[in-house]
Amino acid sequence: MAPQWLKKAVFYQVYPQSFYDSNGDGIGDIAGVIAKLDYIKNLGVNAIWFNPWYESPFRDAGYDISDFYKVAKRYGTNADAKKLFAEAHKRGIKIVLDLVIGHTSLDCKWFKESEKPERNAYSDYYVWCPIAYYRGSGKGDDYFVSGWGPRGAFLANYYAVQPALNFGYAKIEHPWELRYDDPRCRATKEEMIRVMRYWMDMGADGFRVDMAPSVIKRDAGKKKTISFWKEVRRIFDRDYPENVLISEWFDPATSLKAGFHIDFCYNSFWRCGYRPEKPDPKWPQMAMAEKNFTDPVPAIKPAFDLIQKTQKKGYIGFYSGNHDAARLRYYGSEANTIVKLAMLFTLPGTPFLYYGDEIGMRYRENLTPKEGGERRTGSRTPMQWDNALVNAGFSTAAKEKLYLPVDDAADAPCVADALKGNNATYNAVKQLIALRKQHIALDNDAKVELIYLKHRKMPIAYTRTKGGEKLLVLLNSSKEAVSVKLPEAVNAAPLLVEGVRQDGGTFHLAPCSYGIYKI
Ligand code: GLC
Ligand code: CA
């Protein structure tokens, strides 16, 4: 049982600090997002995922939470959150929050209590090793911050400032570890279930779960972790059947079994990390770039196989980009980027559009890292609303007060130009999302079949089928013109075509072109 709306869900990811600053302090806020809801709706999307907006010392841009029940001051108040839920729902938009389940910040009340030598309700919320100099093996999920006060060393989950919440170990190896089914670990889980209920009762439509596989430690095969999430899913099915559980797990074959409705997939072909010095075979992100054209088969094929393998179980979240990776536009020209977006919006699963990617915002190289963003910082810069306004319309604050510098290049894209029809990426995104909405064969759960994929060659062709409708998708992301014969598509009727000429069953594709047809 999964919410029906997931069949048609198209997500937009909002990084709250960089979207729109409503009160001129230089940082985006919830009131700013409310002010831009009509813009978001106009794109055709029907759901938003928010990066964390909770109280935090911001040593990992809010992924280090100090109060899970409270909106950070810089973003507004819980009343603003409530208002956002209502305003979004009025427009038919779902709001999905980030649930950072694996860790807290050092400033969290739970941690402050836990570090005290006297036993209290929070003592076992974290993993403490009484050997002060203990560092763990440093491998996988076994990394301790040593010498931390009277209780010794604590287990960290990501950065050292992110102590891991204690959901226990699948396999005990040391006396300070608790088993996953210990009632003391149960208490930590109950706390996080309270957090989920709190926001969903206020109006949130579900969560994107940060580092979802990290909850139970030393869990080879993830059996106990899967049971952990299955229980959460049962709570959703019973009490929040319309709400969605999305994982940052990057292994849909496992996470969908664990009860998640959607999991992200690293195999987003074009952008999985940063432009590598030497291409990393595990991250074939260059494969769809027209410069340095490489083999599409190893990049594309595994994703299609994964779709086939998981389609009955849930959805794969394909994304244009996110706050942890370089922007899509980094990997190719405007025309090349548009072909990739055509793929994103014609694949099954759930498409996620990262804010700004709809206008082709660029990755900003060599920015001073902000709030633990490191090289990710370049993908987190302010939304460019209107280049004719100060700070591209993001904020009225003095330039030095901005969260991050605005891209002030002469040719930086902006929303105002896009709305006037002067941005090819934006035009394509709008058309593609509208097309996806209109056609049942483009539903998130509609079948896909790869019909043309050859080594070191474009195009790529696949069909989508559902309820008696069948569509053909043709993509050429390369700099070369290519042709392909598809006898089954002799009578193809064009729906949305950029640069493809059809001659009976033969299709001539210009460099960086795509076509979507009814067959
Ligand atoms: C996830 C987030 C990332 C964060 C990390 C630690 O990967 O997407 O931004 O730094 O978890 O919470
Ligand atoms: Ca603000």
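Me: Why is F264 called buried?

Reply: In this predicted model, F264 has a relative accessible area of 3%. Buried means under 20%, so F264 is buried.

Me: What makes F250 partly exposed?

Reply: The relative accessible area of F250 is 24%.

Me: Why is the pair of F250 and F264 called tilted?

Reply: The ring centres are 6.5 Å apart and the planes stand at 40°. Stacked requires planes under 30 degrees apart and edge-to-face over 60, so the pair is tilted. F250 lies in the loop between β10 and α7, and F264 in strand β11, 14 residues apart.

Me: Which cluster do ring pairs form with F250 and F264?

Reply: Ring pairs link F250 and F264 with W5, F11, W49, Y319 and F352.

Me: How many aromatic pairs does the count give?

Reply: The count comes to 40 aromatic pairs. One of them, F58 with Y75, is edge-to-face, at 6.1 Å centre to centre and 90° between the planes. F58 is in the loop between β3 and β4 and Y75 in the loop between β4 and α3, so the pair ties together parts 17 residues apart in sequence.

Me: How do you know that F58 counts as buried?

Reply: Its relative accessibility is 11%, and the cut-off is under 20%, so F58 counts as buried. Y75, at 1%, also counts as buried.

Me: What makes the charged end of K36 sit over the ring of Y20?

Reply: The charged end of K36 is 4.4 Å from the ring centre of Y20, and the distance limit is within 6 Å.

Methods. Residues are numbered from 1 along each chain as its sequence is written. Chains are lettered from A and ligands numbered from 1 in the order in which they are written. This is a predicted model: local features need pLDDT of at least 70, side-chain atom pairs count only at pLDDT 80 or more; totals for chains, interfaces and linings use all residues. Side-chain values use heavy atoms; hydrogens and water are left out. Rings of Phe, Tyr and Trp (its six-membered ring) pair if their centres lie within 6.5 Å; planes under 30 degrees apart count as stacked, over 60 as edge-to-face and the rest as tilted. Helices (H or I, at least four residues) and strands (E, at least two) are DSSP runs, numbered from the N terminus. Buried means under 20% relative accessible area, exposed over 50%, partly exposed in between (1.4 Å probe, protein chains only). A charge sits over a ring if NZ of Lys or CZ of Arg is within 6 Å of the ring centre and within 35 degrees of the ring normal.
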